[in-house]
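Have the structure open beside you as you read.

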Amino acid sequence: MTESGTQTAGDERLRRWRLVLGGEGDGTGRALGGRDAAMDGALGALYGGGRAPGERSGGLGGSAPRVARWLGDIRTYFPSPVVQVMQRDAIERLGLSALLLEPEMLEAVEPDVHLVGTLLSLNGAMPDTTRETARAVVRKVVEQLEKRLAARTRATLTGALDRSARVGRPRHHDIDWDRTIRANLKNYLPEHRTVVPERLVGYGRASRAVKKEVVLCIDQSGSMAASVVYASVFGAVLASMRSIATRLVVFDTAVVDLTDRLDDPVDVLFGTQLGGGTDINRALAYCQSKITRPADTVVVLISDLYEGGIRNEMLGRVAAMKAAGVEFVTLLALSDEGAPAYDREHAAALAALGAPAFACTPDLFPEVMAAALEKRPLPVP
């Protein structure tokens, strides 16, 4: 590398360190100007600058116009994923949740799953002047998620439903050649290098009739906000498939059946009330009462398992459903946020019943559901 190239790389490192450290006396000896100075100002307003680590504080204040301008600035200077992180930090660190009840603030933010969770937690305090703007923000996020997840989910689950409808005498185009070959390997003729298929293995095609029933039972305590958003979108996708009868139930200490809103996941989300306690046992009792075809039913409990109800009854209900033929899936989270906090004792108890509890990303969820519908081992991460 030339001397000028080395100098350029060194300058860039100093520039980045100056932006990270955020203070004139940071030891870099680098002054900022123009766009860099504006970026530094936006970072300093949220994270502070030139202070000792324990003394950092934000400088946005409680002025809605000032915050709206800052939101516009960070969208100008930073990529969307960084903007979403900074918005989340501003809401958590500086207590700006109340400002999201103002329409001009909502119009300035970058919509994402976490923002939707915050809006849903404020739903009960939201004035009518803000509600339509909030719905528009939520709908934008929901449409983005549907675009990302819906087609693959339908394709994966349609294949699972097809494969679950085994037939003894498949038509030629319905033969499952992989399974047929494996079932007839004993009939391999080395001299002809071929397999003689004594038995054909195939599957019927999906029909309009309901083949499976799915119950989504969703914990709406505050820590499950992202999971509620993703589960509502998946619930709407499943409800759009004629071969699956889908029920969606949310709970805290009360139980609410939102199945009649599944044609619009935004309505589902605004029907939730994030926060409050947790009574998993009561929610499972309700879901259990709605099961009419246990051998063809999948129950998906999405919860961190911090139970406020009767623990032994909760585990007894899971055991009873499994004994009746229900496929029971426990997801500690349905999100991209990594390993969640959860009740390990309850998770171990469910695993002992043959219902392992694990966190699941939205991209893995279709595979988990396909395995459950086919009664295969779940693809636990």
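On a 1 Å grid over the protein atoms alone, a cavity is a set of points where a 1.4 Å probe fits but cannot get out, while a pocket is an open set with protein on both sides within 12 Å along at least five of seven lines; lining residues have an atom within 4 Å of a point. Grid points are joined across faces, edges and corners, and a volume is the space filled by probe spheres set on the points.

This is a predicted model, in which local features need pLDDT of at least 70 and side-chain atom pairs count only at pLDDT 80 or more, whereas totals for chains, interfaces and linings use all residues. Residues are numbered from 1 along each chain as its sequence is written, and side-chain values use heavy atoms, with hydrogens and water left out.

**The overall picture**

The protein has 14 helices and 10 strands; these are DSSP runs numbered from the N terminus, with helices being H or I of at least four residues and strands E of at least two. Of its 381 residues, 46% are buried. Here buried means under 20% relative accessible area, exposed means over 50%, and partly exposed lies in between (1.4 Å probe, protein chains only). The protein exposes about 18300 Å², and carbon and sulfur atoms supply 52% of that area, by the Shrake-Rupley method with a 1.4 Å probe. Among contacts (heavy atoms within 4.5 Å) with a separation of 6 or more, 72% join residues 24 or more positions apart.

**The enclosed space**

How many cavities of 30 Å³ or more does a search of the whole structure find? There is one cavity of that kind, and the volume of the largest cavity is about 80 Å³. Its lining consists of Val67, Trp70, Leu71, Gln87, Ala90, Ile91, Leu96, Leu100, Met105, Val109 and Leu115. Helices α3 (64-77) and α4 are the elements that give two or more residues to this lining. By class, the lining of the largest cavity has 10 nonpolar residues, one polar and no charged. For these classes, Ala, Val, Leu, Ile, Met, Phe, Trp, Tyr, Cys and Pro count as nonpolar, Asp, Glu, Lys and Arg as charged, and the others, Gly among them, as polar.

The largest pocket has a volume of about 330 Å³. It is lined by 19 residues, and Glu92, His114, Gly117, Thr118 and Ala225 are the closest to its centre. At least two lining residues come from each of α4 (80-94), α6 (113-121) and α9 (225-239), and α6 gives the largest share, six residues. The lining of the largest pocket is made up of six nonpolar, nine polar and four charged residues.

The second largest pocket holds about 160 Å³ of space. Among its 14 lining residues, Ser223, Ala333, Glu337, Pro340 and Ala341 lie nearest the centre. Two or more of the lining residues come from each of α9 and β9 (327-334). Its lining contains eight nonpolar, four polar and two charged residues.

**Charged pairs**

The structure holds 14 salt bridges, each a side-chain nitrogen of Lys or Arg within 4 Å of a carboxyl oxygen of Asp or Glu. Three of them are set out here.

| Salt bridge | N to O distance |
|---|---|
| Asp296 and Lys212 | 3.9 Å |
| Arg293 and Glu213 | 3.5 Å |
| Arg282 and Asp279 | 4.0 Å |

Asp296 and Lys212 meet in a salt bridge that links distant parts of the chain: Asp296 sits in the loop between α11 (280-289) and β8 (297-302), and Lys212 in strand β5 (residues 212-219), 84 residues apart. Asp296 is partly exposed at 27% relative accessibility, whereas Lys212 is buried at 8%.

The side chains of Arg293 and Glu213 also form a salt bridge, with Arg293 in the loop between α11 and β8 and Glu213 in strand β5, 80 residues apart. Arg293 is partly exposed, with a relative accessible area of 27%, and Glu213 is buried, at 15%. A network of salt bridges links Lys212, Glu213, Arg293 and Asp296.

In the pair of Arg282 and Asp279, Arg282 is partly exposed at 46% relative accessibility and Asp279 is buried at 16%.

**An enclosed helix**

Helix α14 (residues 365-374) is largely enclosed by the rest of the structure, because nine of its 10 residues are buried. Those buried residues include Phe365, Pro366, Val368 and Met369. Just after α14, Lys375 takes a positive phi of about 60°.
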